[in-house]
Amino acid sequence: MDWYILIQQLINGLTLGSVYGLIAVGYTMVYGIIGMINFAHGDVYMVSAYLTAISIAVFTFFGISSIPFLLLCTVIITIAITSVYGWAIERVAYRPLRDSTRLAPLISAIGMSLVLQNYVQLAQGARNQGVPTLIDQVFRIGDGDAFVQITYLQIIIISVSVVSMILLTFLIHKSDLGRRCRATQQDRIMAGILGVNTDRIISITFVIGSAMAAIAGVLVTLYYGSFDFYVGFITGIKAFTAAVLGGIGSLPGAMLGGIILGLSESLFSSFVNTDYKDVFAFSLLVLILIFKPEGILGTPETEKV
Amino acid sequence: MTTPLLDINGISAFYGPIQALRTVSLHIDTGEIVAIIGANGAGKSTLLMSIFGHPRISGGEIRYNNVDISGTPTHRIAAMGLALVPEGRRVFPAMTVAENLLMGATPVNDRSGDADLDRVYQLFPLLKERRKQRAGTLSGGEQQMLAIGRGMMSRPTLLLLDEPSLGLAPIIVQRIFQTLRDIADSGVTICLVEQNANHALRLADRAYVLVNGDIKMTGSGSELLGNPDIRRAYLAGA
């Protein structure tokens, strides 16, 4: 094994892992606050990939040629519209079922996922879609055959993810809004009695999760260049795995789980077998659920009194 | 006749098929300390929780300052001047003591700030020492102090307490009831629900006895303390 391949794979894994982490935030926050897995979250991410492509096309059509400005506009529009999707999904598919059995919103989530996939397929076509390569610069370290290359885009992905996570952590732990979110998560009825509008907090949770998924959607779409209406499924389940790995309900856990999953998937596909990388990721999920269901940073269910 | 601060008028409440309150009526006047005593399962906690809409009452009305609040969304009730110190304290375990107290200031839009924190720290100096500690690591008595302090953060007109003495050592219970007396003396109206009838009746101006979701008896604290039926049912061994 050559050192430069290892380093290259670590960089690739870190890039992938940051993206998983961003999406995992949506799973973990929603689970933390209402105790359900939002199976439509992966498809919210998929919608944001389409919005990215549409925004780039529209803004280019209107003559925005500066790439940083174009990307900024794209990110803002994608976050805004994706957040509206997240908000609307909670409102339509989950809130009416809030007080029914635990299984009902779960089934509703799977239904929502199918609705989104089919709606996008009808509206945008079943074919692969793509965006042009906007950033192709590369850092290259080393010479001859032994080199490591880091694309500008990889640097952007990792740094945007890190900054987003820091801002989110700050929001949750230092602001009044964040304190209310945590209170709602720990005891929803008591938070309500203390004057917290818990319905609004739940909506905000969906909006935050969707916004993070939208950031991931923009970054991944720029990175891979192509996508279809089905990308939300596999990426969603990977991000869900990351959330479980880190400890579902835990915000730093989501990021840690994302990075561990990204790194191990990248190393596995490079040193063992690329075709089985998804099998590897999901085997990991099964193993965590069997041996450490509370995840790395999660607290065991029994602690909840 | 002046209108009571809180006027509960013939309310019923259900948990699924089980009726927890059967047309309960009671009132609390401004400045009073009112105790509601009753055995486990008599409906005491349901009574307090139903004021906040958990569960929603299925008949009757709850008037606060002459406004019917029985349909008001839960999160708007605290801002009207009511605070609840619930059964089991329900502090936020993963938050620090200071953060728990700040949550209590939510009804006044977090405006209360340092002055109110200082007031609570004066009531319970221990909380100041522990302000950076997670609430989940506090002892039962400390959590009870925190829950009362959290309730006081919104400067309530009416403080409702659900079994503040539950599971606490006698010395702590004494200290907490002394603090409740101080809080009442500062002009806050208090309604407390208790199984520990002895302490509650000594503190209260008036009291109600709740049996199987129904008010069976009412009178001044000392009257009820002297009543042989009450002594037998609720003060055995006291």
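The following exercises, each with a worked solution, concern a predicted model.

Residues are numbered from 1 along each chain as its sequence is written, and chains are lettered from A in the order in which they are written. Local features need pLDDT of at least 70, side-chain atom pairs count only at pLDDT 80 or more, totals for chains, interfaces and linings use all residues, and side-chain values use heavy atoms, without hydrogens and water.

**Exercise 1. The interface**

Task: Describe how chain A and chain B are in contact, and state which elements of chain A touch chain B.

Solution. 
- Step 1. With contact defined as heavy atoms within 4.5 Å, 17 residues of chain A are in contact with 21 residues of chain B.
- Step 2. The buried area (the accessible area, with a 1.4 Å probe, that two parts lose on being put together, summed over both) is about 1,900 Å², and carbon and sulfur atoms give 63% of this. In chain A, the residues that lose the most area to chain B are A:Arg179, A:Ile193 and A:Leu194, together 36% of what that side buries.
- Step 3. A salt bridge is a side-chain nitrogen of Lys or Arg within 4 Å of a carboxyl oxygen of Asp or Glu. The count between the two chains is 2 salt bridges; A:Arg182 and B:Glu99 meet in a salt bridge at 2.8 Å, N to O.
- Step 4. Helix 6 (176-186) and helix 7 (188-193) of chain A are the elements that give two or more residues to the side touching chain B. Helices are DSSP runs of H or I with at least four residues, strands are runs of E with at least two, and both are numbered from the N terminus. Helix 6 provides the largest share of that side, 6 residues.

**Exercise 2. A loop glutamate**

Task: Characterise the surroundings of B:Glu32.

Solution. 
- Step 1. B:Glu32 is found in the loop between strand 2 (18-28) and strand 3 (33-37) of chain B. At 12% relative accessibility, B:Glu32 counts as buried.
- Step 2. Its side chain reaches the backbone nitrogen of B:Asp29 at 2.7 Å.
- Step 3. B:Glu32 also forms a salt bridge with B:Arg206, the closest N and O atoms being 2.5 Å apart. B:Arg206 lies in strand 9 (residues 206-211), so the pair ties together parts that are 174 residues apart in sequence. B:Arg206 is buried, with a relative accessible area of 17%.
- Step 4. Not counting residues up to four places away in sequence, B:Glu32 touches B:His27, B:Thr189, B:Ile190, B:Asp205 and B:Arg206.

Conventions. Buried < 20%, exposed > 50% of the residue type's maximum accessible area, 1.4 Å probe, protein only. Polar contact = N/O pair within 3.5 Å; in protein donor to acceptor, adjacent residues only side chain to side chain.
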